[in-house]
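Dear colleague,

I am passing on a structure for your attention.

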Amino acid sequence: MSEFLKHCMCLRYWLGFWALVAPVAAFCFFPFDQEDLRFSKRTTIIVGAGFLVLLSFWETALLVGNEYRMAGNTETAIMTAHNITRCFTMVLCLIAYFFMVRAKPAKKILVFAMGFTGAAFFTALGALFSNLTPWAGGEIGVMLDGGSLYFYLIVDMLCLPLIFLFARRTMCPALKAMDTQTTRSLMAGIILLMTIYGFSVSSVLGSRSITEVSNLTMFFCLSFCIFFSFGLFFSIIRQGERTRQIEDEARQIAQQLEADAFSYRIIMESVENARAIRHDFRHHMRQIGEMLLRQDYERISDYVESYMAEGGGSQAFKFCDNYLVNNLIVYYSHICRERGIRFKSRIVLGDLPGISEVNLTALFSNILENAVNACTHLETDQPYIRLDCEVQGASLIIVMENSCDPALVSSLAEDLQKGMGLRSVQSVVKRHGGELRCRAQDGRYITEISLLAM
């Protein structure tokens, strides 16, 4: 088979493309979700596969033509065609990749750079293996660097599932966790890193043959360090995001406990008030009875009115039938009263089996906390919060409107990216297949949320 591939140039280069270039191209799409793609997943796969088929035939034609011009001298063909052909291939892949993925440019370049260094790493590994293993040396030219096709196929089968799994479980959450400032810094870092990598490879190889073991070893080490540096970076970002999520959950649980404690105090105060009312009731009845005997009806009316006024100031602690949500509403309505914020609500909620208590706490506590903070720093006499919430079919619908300072509206989108409040809400909404819409108009900030709750 090795002799057959050695003499069948078309098949050799064509299989080489699909053994190394195609997996890297596929890898670049794995860290992105559907909303990051320009087309549906099915259309993306069809368009991407069609593009790679055309590109594989184009590259094969160029390499075969070059080898014919070199009169079958494979090693010379490798050296003359390596840079320009791979450069064109990479540029075409990059253009198609940028067109089909809608994420921020820095994120796309970061993933593409990792894929590129991964390809260089596996190329160096295959070439080094072929040079150190005499029985594999007959397939020189398969991947332009003297690598063995069989070795690349084995590496693909062993490593690609793990790499694709890493892209989905680590890189995808890490990319979502990156804010604008982080991606801008990364852009400069990637450019610097790849520049150092390029100059290092060029200085190591120089004018000497790439097939020398010492050059291949150095090339392999450089590629290894860069490739796994990318992996380490994504792992650190992902771990930081997990830590932030744990801290958010701990803060939300503490908030829920505080709301529960506050609701318990209100209930106990109401119980004590009820006991006091029952104890004093017979005294009030005695006073009213004496007034009736004297037929002093006007005084009876004043007495009853005064009694009702004194007893009507008790705090309401029942906003809805959902215990957890009710406690949060009670807690934040009390804060609103203390800060002079008008709070109105219309909440029709029962049990919500489709949403966990942690997610429900994150949802309501964050939007209410943001609204209270917006109203607290507002220089107006009438700050307000209005919350409407109900279940329609299987969906939970939340509409909240609050006063806000128009000068601070521009920072809301930045807060969403930095993970301040709304980002946790967005995460919960997305997890339940919902939608979050926020807009500001005429000194009002409106938050609209819909998600599956059953």
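Predicted model: local features only at pLDDT ≥ 70, side-chain atom pairs only at ≥ 80, totals over all residues.

The protein chain holds 13 helices and five strands. Of its 454 residues, 43% are buried. Where contacts join residues at least 6 apart in sequence, 74% of them link residues at least 24 apart. The accessible surface amounts to about 24200 Å², and carbon and sulfur atoms account for 63% of that area.

On the α2 side, the contact involves Leu15, Ala19, Pro23, Ala26 and Phe27, while α6 contributes residues including Leu149, Tyr152, Asp156, Phe164 and Met171. By type, the residues of this contact comprise 13 nonpolar, no polar and one charged.

The second pair is α10 (residues 323-338) and α11 (residues 357-376), which pack at about 15° with 10 Å between their axes. That angle makes α10 roughly parallel to α11, and their crossing is right-handed. Among the residues that meet here are Leu324, Leu328, Tyr332 and Cys336 in α10, and Glu357, Phe364, Ser365, Glu369 and Val372 in α11. The residues of the contact between α10 and α11 are eleven nonpolar, two polar and two charged.

With kind regards

Key: Residues numbered from 1 in each chain as written. Heavy atoms only, no water. Helix = DSSP H or I, 4+ residues; strand = E, 2+ residues; numbered from the N terminus. Buried < 20%, exposed > 50% of the residue type's maximum accessible area, 1.4 Å probe, protein only. Contact = heavy atoms within 4.5 Å. Areas by Shrake-Rupley, 256 points an atom, 1.4 Å probe, with all protein chains shown as cover. Axes fitted to C-alpha atoms, helices over the stretch in contact; angles between N-to-C directions. Parallel < 35°, antiparallel > 145°, perpendicular 65-115°, else oblique. Left-handed = near helix turned anticlockwise from the far one by under 90°. Nonpolar A, V, L, I, M, F, W, Y, C, P; charged D, E, K, R; others polar.
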